[in-house]
Amino acid sequence: MPLRRRRSHYQQLTEFERGRVVGLREGGFSFRDIAEGLGRNESIVHDCWQQWSREGTASRRPGFGRPRGTTEREDHRVRRMAVAHRTASAAEIRTAVGTTVTQRTVTNRLLEGQFRARRPVACIPLTPNHCRLRREWCQARVH
C-alpha cells in the first residue's frame, strides 16, 4: 500500500485533471483507481468529486487574500534591474524601475526570484579609527 503524502499546494489538480476526475467517477471508477491513474492522493480526488457533487462545478475557486501590488511585468523589471546592477539596493531599484510600491515589496519580489537586494560585502570596511589603532598596534610590535 503506498504511503499517503500530506496535502499541499503542489498537489492541486489542473482544470483538465478535474474534468477527468468527474468523467471517470461518473464512469464508475473508484477514487483509488482515479488517484493512481492521475498520480495524486485519493483525498485530492475525493475533494474534487465532493465539490462537483455540492456545487455542480469542478473549477477552482478564486484565491483569497490581498491582491498583488505589482504586475508580472513590473516583477520582471525588478528582477532584471537586480541582475544588471548587482550592488543596487532595493530603494535604488524601486526608483529606477519607477513603480509605486514600497521598498519592502521590491525586496519581496527579489526574494521570489532568488535574488537579494544587494550583493553581500566580502569584508567589513575599516574606519579611520580602526586603521589608526591597527597601525599603532603593529608599530609597537615591529621589533
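The legends below describe close-up views of a predicted model.

**View 1. Serine 59 in the loop between helices H3 and H4.** The loop holding serine 59 runs between helix H3 (42-55) and helix H4 (72-84). Serine 59 is partly exposed, at 32% relative accessibility. Leaving aside residues up to four places away in sequence, serine 59 touches Glu15, Arg18 and Gln51. Arginine 18 is 41 residues from serine 59 in sequence, yet their C-alpha atoms are 7.2 Å apart.

**View 2. Packing of helix H5 against helix H6.** The axes of H5 (residues 90-97) and H6 (residues 103-112) are 9 Å apart and cross at an angle of about 100°, so H5 is roughly perpendicular to H6. H5 contributes Ala90, Ala91, Ile93 and Arg94 to the contact, and H6 contributes Gln103, Val106, Thr107 and Leu110. By class, the contact comprises five nonpolar, two polar and one charged residues.

View 3. Arginine 132 is partly exposed at 35% relative accessibility, and glutamate 136 is partly exposed at 42%. Elsewhere, salt bridges that share partners link Arg68, Asp75, Arg109 and Glu112 in one network.

**View 4. Salt bridge between aspartate 75 and arginine 68.** The N to O distance is 3.1 Å. Aspartate 75 is buried, with 6% relative accessibility, whereas arginine 68 is partly exposed, with 48%. The whole structure contains eight salt bridges.

Technical notes
Residues are numbered from 1 along each chain as its sequence is written. This is a predicted model: local features need pLDDT of at least 70, side-chain atom pairs count only at pLDDT 80 or more; totals for chains, interfaces and linings use all residues. Side-chain values use heavy atoms; hydrogens and water are left out. Helices (H or I, at least four residues) and strands (E, at least two) are DSSP runs, numbered from the N terminus. Buried means under 20% relative accessible area, exposed over 50%, partly exposed in between (1.4 Å probe, protein chains only). Contact means heavy atoms within 4.5 Å. Axes are lines fitted to C-alpha atoms, for helices over the stretch in contact, and angles run from 0 to 180 degrees between N-to-C directions. Angles under 35 degrees count as roughly parallel, over 145 as roughly antiparallel, 65 to 115 as roughly perpendicular and the rest as oblique. Ala, Val, Leu, Ile, Met, Phe, Trp, Tyr, Cys and Pro count as nonpolar, Asp, Glu, Lys and Arg as charged, and the others, Gly among them, as polar. A salt bridge is a side-chain nitrogen of Lys or Arg within 4 Å of a carboxyl oxygen of Asp or Glu.
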